[in-house]
Amino acid sequence: MNLSVVCAAFGAFLAFMSFAFGFWGFVVSVVFIAVGAFVGRAASGKLDWRGVLDALTGRRSSS
């Protein structure tokens, strides 16, 4: 499955959440998706904790 199909499915899911549950349902689903992505990258070992801490404290840009 290529990236455009994944992104289209993600957009469809967010559109469904906003239509079915309103603005706050949309916001909550985005927060859960972000937390899931963060936990998934941490579990797989692909998350640089020092880089995240430096970006949050303003020592380094996140890009």
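**Labels and their grounds**

Modeller: Ile33 counts as partly exposed because its relative accessibility is 30%, and the partly exposed class lies between under 20% for buried and over 50% for exposed. Bear in mind that this is a predicted model.

Colleague: Where does Ile33 lie, and what is Ile33 in contact with, leaving aside its neighbours within four places in sequence?
Modeller: Ile33 lies in helix H1. With neighbours within four places in sequence left aside, Ile33 is in contact with Phe10, Phe13 and Leu14, contact being heavy atoms within 4.5 Å. The C-alpha atoms of Ile33 and Asp48, 15 residues apart along the chain, are separated by 19 Å.

Colleague: Why is Ser29 called buried?
Modeller: The relative accessibility of Ser29 is 6%, and buried means under 20%, so Ser29 counts as buried. Ser29 is also in helix H1. Leaving aside its neighbours within four places in sequence, Ser29 is in contact with Phe13, Leu14 and Met17. Leu14, Met17 and Gly25 in H1 are buried, as is Ser29.

Colleague: What makes Val27 partly exposed?
Modeller: Its relative accessibility is 25%. Buried requires under 20% and exposed over 50%, so Val27 counts as partly exposed. Val27 is found in helix H1, and its C-alpha atom is separated by 9.2 Å from that of Leu14, 13 residues apart along the chain.

Colleague: Where does H1 bend, and by how much?
Modeller: At Phe21, by about 140 degrees. Just after H1, Gly45 takes a positive phi of about 85 degrees.

Colleague: How many aromatic pairs are there?
Modeller: The count comes to three, with ring centres within 6.5 Å as the criterion.

Colleague: Why is the pair of Phe23 and Trp24 called edge-to-face?
Modeller: The ring centres are 5.1 Å apart and the planes stand at 75 degrees. Edge-to-face calls for planes over 60 degrees apart, so the pair is edge-to-face. Phe23 and Trp24 are both exposed.

Colleague: What makes Phe38 and Trp49 a pair of the edge-to-face kind?
Modeller: Their rings are 5.5 Å apart centre to centre, with 90 degrees between the planes, against cut-offs of within 6.5 Å and over 60 degrees. Phe38 lies in helix H1 and Trp49 in helix H2 (residues 49-57), so the pair ties together parts that are eleven residues apart in sequence. Phe38 counts as partly exposed because its relative accessibility is 37%.

Colleague: How much of the chain counts as buried, and what supplies the exposed area?
Modeller: Of the 63 residues, 11% count as buried. The chain exposes about 5,200 Å², and carbon and sulfur atoms supply 72% of it.

Methods. Residues are numbered from 1 along each chain as its sequence is written. This is a predicted model: local features need pLDDT of at least 70, side-chain atom pairs count only at pLDDT 80 or more; totals for chains, interfaces and linings use all residues. Side-chain values use heavy atoms; hydrogens and water are left out. The bend at a residue is the angle between axes fitted to the seven residues ending there and the seven starting there. Helices (H or I, at least four residues) and strands (E, at least two) are DSSP runs, numbered from the N terminus. Buried means under 20% relative accessible area, exposed over 50%, partly exposed in between (1.4 Å probe, protein chains only). Rings of Phe, Tyr and Trp (its six-membered ring) pair if their centres lie within 6.5 Å; planes under 30 degrees apart count as stacked, over 60 as edge-to-face and the rest as tilted. Accessible areas come from the Shrake-Rupley method with a 1.4 Å probe; for residues, only the protein chains shown count as cover.
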